[in-house]
Amino acid sequence: MKIKILILIMFTNISCRQKGVDILETKVNQINRLETKSKHNQIPEKWNMELYKNDKKWLKNTNSKPLNSLAFPVEKYEYYVFNEPFNFQINGFHFSGISFGENTGGKDDKFIFKHELTLIFYSGEKDYQINGDVSSRNFPYLTIQGQLKLNNIYDFIGVKSPENSGYLIVNLKSFDLKFGQTVIIFPNKDNSFYYLQSNEKPQINEDIKKYVYRLKTDKRIMKMIKLAEE
């Protein structure tokens, strides 16, 4: 019996070590791929000139906020992105949100939306349309930015990496997306703001209403509303 237990322990230890080696190897390979992509973006012979010329045409007079988008060359890639604005209420209090992510279905009307980052503002007594831009040009990184005017101007920028990590910055407050891909901002009357970060996120191709239903069960939200209204 003791021999069987020892064999089981040894097998378990070997299995755990192998899993650790596999995870490390996967991470190293991923970093190597990202490094290669970064180097290729600096080699003129590898640039997608058709895309670059088109960007220069359309972004020549752009006035995006908070960062002004300008054209820059990149290697050829296949990566499609989307944003989805939405509004909802909790006990009569209004919230305005926008979700950003990857369209894994591509161009041919085979849309499969994979949400990567969702930003929501407590907007008091009315709904707002959040102006948000999402870019595929930093593939394989997802980059977003936007602005919303409430009691003050709220600027935001964010990066989601293929390593399932990233950051969202709202008026210089940074949020590490490893600890939740949904961020809720609660503006205060004195131009400060409170915030929450949630692990809830829309599932792939999920109706946004189902995500909102789950989000509403977070009891912290009403507490923050009361604080913001003081």
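Predicted model: local features only at pLDDT ≥ 70, side-chain atom pairs only at ≥ 80, totals over all residues.
Biologist: Which residue forms a salt bridge with Arg-214?

Modeller: Glu-200, with the closest N and O atoms 2.9 Å apart. A salt bridge here is a side-chain nitrogen of Lys or Arg within 4 Å of a carboxyl oxygen of Asp or Glu. Glu-200 sits in the loop between β10 (193–198) and α3 (208–215) and Arg-214 in helix α3, so the pair ties together parts 14 residues apart in sequence. Helices (H or I, at least four residues) and strands (E, at least two) are DSSP runs numbered from the N terminus. Glu-200 is partly exposed too, at 27%.

Biologist: How many salt bridges in the whole structure?

Modeller: The search finds 9. Among them, Glu-35 and Lys-39 meet at 3.6 Å, N to O. Those two are 4 residues apart in helix α1, which means a separation of about one helical turn.

Biologist: And what about Lys-178 and Asp-176?

Modeller: Their side chains meet in a salt bridge at 2.9 Å, N to O. Lys-178 is partly exposed at 47%, whereas Asp-176 counts as buried at 16%.

Biologist: Which residues are linked in a network?

Modeller: Lys-114, Glu-116 and Lys-160 are linked by salt bridges.

Biologist: Changing topic. How many residues in the largest nonpolar core?

Modeller: It has 24, and those with the most contacts inside it are Phe-100, Leu-119, Phe-121, Ile-144, Phe-156, Leu-168 and Ile-185. Two or more residues each come from β2 (93–103), β3 (113–124), β5 (142–149), β6 (153–161), β7 (165–170) and β9 (182–187). A nonpolar core is a set of buried Ala, Val, Leu, Ile, Met, Phe, Trp, Tyr and Cys residues joined through side-chain atoms within 4.5 Å. A second, separate core of 17 residues includes Ile-184, Phe-186, Leu-196 and Ile-208.

Biologist: What does Phe-100 touch?

Modeller: Not counting residues up to four places away in sequence, its contacts include Phe-82, His-115, Leu-117, Val-134, Ile-144 and Phe-156. Contact means heavy atoms within 4.5 Å.

Biologist: Where is Trp-47?

Modeller: In the loop between α1 (2–40) and α2 (49–58). Trp-47 is partly exposed at 23% relative accessibility. Its C-alpha is 6.4 Å from that of Lys-76, 29 residues apart along the chain.

Biologist: Last one. What volume has the largest pocket?

Modeller: About 590 Å³. On a 1 Å grid over the protein atoms alone, a pocket is an open set of points where a 1.4 Å probe fits, with protein on both sides within 12 Å along at least five of seven lines; lining residues have an atom within 4 Å of a point. Grid points are joined across faces, edges and corners, and volume is the space filled by probe spheres set on the points.

Biologist: Which residues lie nearest its centre?

Modeller: Ser-69, Ser-135, Asn-138, Thr-143 and Gln-145, out of 25 lining residues. The elements giving two or more residues to the lining are β4 (131–135), β5, β6 and β7.

Notes:
Residues numbered from 1 in each chain as written. Heavy atoms only, no water. Buried < 20%, exposed > 50% of the residue type's maximum accessible area, 1.4 Å probe, protein only.
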